Amino acid sequence: MEACIFCKIMRGEIPAATVHEDDEAIVFLDINQAIKAHLLIVPRVHAAQWHELDDGTMAHVARLTAQWAPAVVAAVDADGYNLLLNNGEAAGQEVMHVHFHLIPRKRGDGVRMAGVKPRLADAEELRGTASVIKAAQRARE
Ligand code: AMP
Ligand code: ZN
């Protein structure tokens, strides 16, 4: 895609600090480091959202998250990591080319992934919501 910033990085038109590239994906540092060593894992195919990817690309990108997570954790002596995938503007997606954030985490680092305070739901409500989701899935089949 001509104007897409991640496609431009993959075409070499914009520089990036790349740690890995192959035929299907590229892994580089996010220019805004939520915490040091915050990576982005990006398939070469220009698709906006996760569910638009074909199974092979999905598997490859998911595998890259697992391959690079231990290295990222070791590199900055982290205690854990978050995988984050924003889909759609409402979910905080700013670059409309699907990508995983791989964010190393340290105890007490103060990084906040979301400001949501979850509400405890009762069993009846959860069963009702599960039914609505399953009906939506059946309608898509
Ligand atoms: P999202 O909000 O999930 O779409 O995340 C997009 C991410 O892309 C943000 O964290 C940006 O900091 C990052 N980003 C935007 N432009 C660049 C760039 N030129 N190089 C590296 N990361 C970028
Ligand atoms: Zn793109």
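This is a predicted model: local features need pLDDT of at least 70, side-chain atom pairs count only at pLDDT 80 or more; totals for chains, interfaces and linings use all residues.
The zinc ion (ligand 2) is held by four side-chain atoms: the SG atoms of C4 and C7 and the ND1 atoms of H46 and H97. These donors lie at 2.1 to 2.3 Å from the metal. The angles subtended by the 4 donor atoms run from 102 to 118°. The arrangement is therefore tetrahedral, because four donors are given that name if all angles lie between 85 and 135 degrees.

Along the chain, the donors of the zinc ion (ligand 2) follow the spacing C-x2-C-x38-H-x50-H. Within this set, C7 and H46 link distant parts of the chain, being 39 residues apart. C7 belongs to helix 1 (residues 5-10), whereas H46 sits in the loop between strand 3 (39-43) and helix 2 (55-75). C7 has a relative accessible area of 6% and is therefore buried, since the limit for that term is under 20%. H46, with a relative accessible area of 27%, is partly exposed.

The largest pocket holds about 580 Å³ of space. Its lining is made of 27 residues, and D30, I31, N32, L40 and H101 are the closest to the centre. Helix 1, strand 2 (25-29) and strand 5 (100-105) are the elements that each give two or more residues to the lining. Helix 1 provides the largest share, with 3 residues. By residue type, the lining of the largest pocket consists of 17 nonpolar, 7 polar and 3 charged residues.

How values were computed
Residues are numbered from 1 along each chain as its sequence is written. Chains are lettered from A and ligands numbered from 1 in the order in which they are written. Side-chain values use heavy atoms; hydrogens and water are left out. Donors are N, O and S atoms within 2.8 Å of the metal (3.2 Å for Na, K and Ca); water is not among the atoms, so sites may look incomplete. Four donors count as tetrahedral if all angles lie between 85 and 135 degrees; four count as square planar and six as octahedral if opposite donors are over 155 degrees apart and all others between 65 and 115; anything else is irregular. Helices (H or I, at least four residues) and strands (E, at least two) are DSSP runs, numbered from the N terminus. Buried means under 20% relative accessible area, exposed over 50%, partly exposed in between (1.4 Å probe, protein chains only). On a 1 Å grid over the protein atoms alone, a cavity is a set of points where a 1.4 Å probe fits but cannot get out, and a pocket is an open set with protein on both sides within 12 Å along at least five of seven lines; lining residues have an atom within 4 Å of a point. Grid points are joined across faces, edges and corners, and a volume is the space filled by probe spheres set on the points. Ala, Val, Leu, Ile, Met, Phe, Trp, Tyr, Cys and Pro count as nonpolar, Asp, Glu, Lys and Arg as charged, and the others, Gly among them, as polar.
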